[in-house]
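Please look at the model before reading on.

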Amino acid sequence: MGTTHHHHQPTSFPTKKLITWGLYAILFLALHLYLFPIPLNQPKLTNHPQSQKTTTTSSSSSIPSSQGKGVERTRSTPPCDYSDGRWVPNARGPRYNGTSCSTIKDGQNCVAHGRPDTGYLYWRWQPSQCQIPAFDPASFLQLIRNKHLAFVGDSMARNQLESLLCLLSTASPPELVYRDGEENKFRRWVFHAYNATVSIFWCPFLVKGIEKSAASGLNHNKLYLDSPDDRWASELDRLDMVVFSVGHWFLHPAVYYENKSVLGCHHCPEINHTEIGFFDVFRKAFKTTLKEVTERSWSSPSSSKKFVVVTTFSPAHFEGEWDKFGACPKKEPYREGEKEMEYMDAEMRKIEAEEVAAAAKEVVKSGGRLRIEALDVTKLALLRPDGHPGPYMYPNPFADGIKEKVQNDCVHWCLPGPIDTWNEILLEMIKRWKEENS
C-alpha cells in the first residue's frame, strides 16, 4: 500500500522516535476513520430525494428497488432494501393452511394435493440490512380501512392476491361480493369489520389485448400498446391502492399494434410481420400503464391520495420439459451465489424498475397525491425453486405410481408458501406510505 509523505519544516526538538510515533498515530487514525467513519450531519434519508411524497429508483443496470425501504428507520437509520437478503430457516411456519383458508386456488393448494415434503414452509426472508416483522393481519386491515386495494395483472397477481386473502382471513373473514368472467377473473371481497375492499382485475398485458384462444381463432395474442385496458383504467378513480403484476404472458407469440398500425410481432413465422421480440413491448406496456395512472391522478376530481405498486417479475424454475417428472424438483432454497439470474429475468426486472423510476419523477406534479414504488421480488423468487406446486397442481398425481409424463407448475407458488413474503413487504410499504402522509 502506497504511503503519502508529508514534508515539514524542522522543529526545535527533532528526534527519530518522536517522528516514528507520530507516523504510527497518523496511520492508526486514518485506519480508524476508514473503518468507522464519523457520521456527518445529513438530512433524513428517504426514497424520494425530489420530494417527500415521491419515490425514485436508480436507472442503472443494477437497479435497486424502492420497495420497502426505510419502514423501520429513524432519522439516523439508513433506508433498507428488502430486495437484498437471503432465505433462512424459520420454525414458526405459515399463518394459515388449506383448511383454514377457503380462497386458495385449487392448483396452488399443495398440501391438500398430497405434496409429501413440508420443508418449503419453514423459511423466512432475511434482508441484509433490516428485519421484516411477522405479518400482522389486523394492522394491514386497519391500513386499508375504508379503502379499495386492487391487484391488476395476470395469474401472478392473482397468486399474490389469494395469498393476501389467506393472511387477512386469520383476523377477519372476507365476503365475496362480486364475480365476473370465466375462471372468476374479476372478483371483489369486502372485510365488513373494516369496510375494506380487495379486488382482482385480470389484465395480463395491462394494455388492451385479445388473448389467443380457440374461440377467437387466434394462435397469438394481439396487443394495443398505446391504450390501457379499460377494465382497470375505468375503475382507477375508485381505487386507493393498486398492485400491478404482469410478465409471463409477454413471452407468448403476439402481434403488436401502435397508432392503429402493426408495430411488429413476437414468434410469428406464419405471419408476414417484422419480428421485434418482447422486451421493448414490455416497456411500452408499462409506459402506457404508468402514464395513465399519473395523468389520471392530476385530473381526478378526487382529492384522495393513491399508492401504486409494481411487483417485479417472478422467475420460473423449470428444469427440462414442463410435462416430465421432476420438472422443478428442488426441496430447499438456493444459497446466496448458488444460482445466477438469467438474462431474461434480469431484463424484465430492469425494465419494470426503470419505468417505475421514470414515473416516480413525474408524480412530483401530482402534488403528493400519488406515490409509485416497485415491490422488487425477483431475487427473492429466484432463490426459491422449492416453492412451486410442480406436479401437485393436481390432487395426488402419483396415486397410481410415478409417471414419466406429468404436468408441472414451476411458475406459480404454493399457498402457503414463499409468495406470502411479498405481502409481508407490501404491508411495510403501505405502512410507511401512510405514516408519511399522515
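## Terms and basis

Two strands pair if DSSP finds at least two bridges between them. Helices (H or I, at least four residues) and strands (E, at least two) are DSSP runs, numbered from the N terminus. This is a predicted model, in which local features need pLDDT of at least 70 and side-chain atom pairs count only at pLDDT 80 or more, while totals for chains, interfaces and linings use all residues. Residues are numbered from 1 along each chain as its sequence is written, and side-chain values use heavy atoms, with hydrogens and water left out.

## From β4 to β5

Strand β4 (residues 175-180) pairs with β5 in the antiparallel sense, over 5 bridges. Tyrosine 178 has arginine 188 in β5 as its bridge partner. The two strands form a hairpin with 5 residues between them. In that turn, glycine 181 has a positive phi of about 85°.

Burial is judged by relative accessible area: buried means under 20%, exposed over 50%, and partly exposed in between (1.4 Å probe, protein chains only). In β5, 5 of the 6 residues are buried, so this strand is largely enclosed by the rest of the structure.

## Strand β6 and its partners

Which strands flank β6? Strand β5 (residues 186-191) is joined to β6 by 6 bridges and runs antiparallel. Strand β3 (residues 148-153) is also joined to β6 by 6 bridges, but this pair runs parallel. Strands of a sheet pair through backbone hydrogen bonds, either parallel or antiparallel.

Phenylalanine 191 stands opposite alanine 196 in β6. Tryptophan 189 stands opposite valine 198.

In β6 (residues 196-202), 7 of the 7 residues are buried, so the strand is largely enclosed by the rest of the structure. In a regular strand the side chains alternate between the two faces of the sheet. Both faces of β6 are covered. One side carries Ala196, Val198, Ile200 and Trp202, and the other carries Thr197, Ser199 and Phe201, all buried.

## A four-stranded open sheet

An open sheet of 4 strands has the order β7-β8-β10-β11, with mixed pairing. Strands β7 (207-210) and β11 (261-266) stand at the edges, each with a single partner strand, so one side of each is left without a neighbour in the sheet. Neighbouring strands here are turned by 25° against each other on average, direction ignored. Such angles use axes fitted as lines to C-alpha atoms, for helices over the stretch in contact, and run from 0 to 180 degrees between N-to-C directions.

Strand β8 (residues 221-228) and strand β10 (residues 254-258) pair in the parallel sense over 4 bridges. Asparagine 221 has alanine 254 in β10 as its bridge partner.

Helix α8 (residues 420-437) has 18 residues, which should span 26 Å at 1.5 Å a residue. The expected span is 1.5 Å times one less than the number of residues. The end C-alpha atoms are 26 Å apart, which agrees. The helix is mostly covered, with 14 of its 18 residues buried.

Proline 329 lies in the loop between β12 and α6 (343-362). This proline is partly exposed, with a relative accessible area of 35%. Glycine 390 is 61 residues from proline 329 in sequence and 7.8 Å from it in space, C-alpha to C-alpha.

## Cavities

A cavity is a set of points, on a 1 Å grid over the protein atoms alone, where a 1.4 Å probe fits but cannot get out; lining residues have an atom within 4 Å of a point. Grid points are joined across faces, edges and corners, and a volume is the space filled by probe spheres set on the points. The whole structure holds 4 cavities of 30 Å³ or more.

The largest cavity has about 70 Å³ of space. Of its 13 lining residues, Met156, Ser245, Thr312, Phe313 and Ser314 are the closest to its centre.

The second largest cavity has a volume of about 60 Å³. Its lining includes Leu236, Asp240, Arg296, Lys306 and Leu370. Elements giving two or more residues to this lining are β9 (241-245), α5 (279-299) and β12 (306-311).

Key
On a 1 Å grid over the protein atoms alone, a cavity is a set of points where a 1.4 Å probe fits but cannot get out, and a pocket is an open set with protein on both sides within 12 Å along at least five of seven lines; lining residues have an atom within 4 Å of a point.
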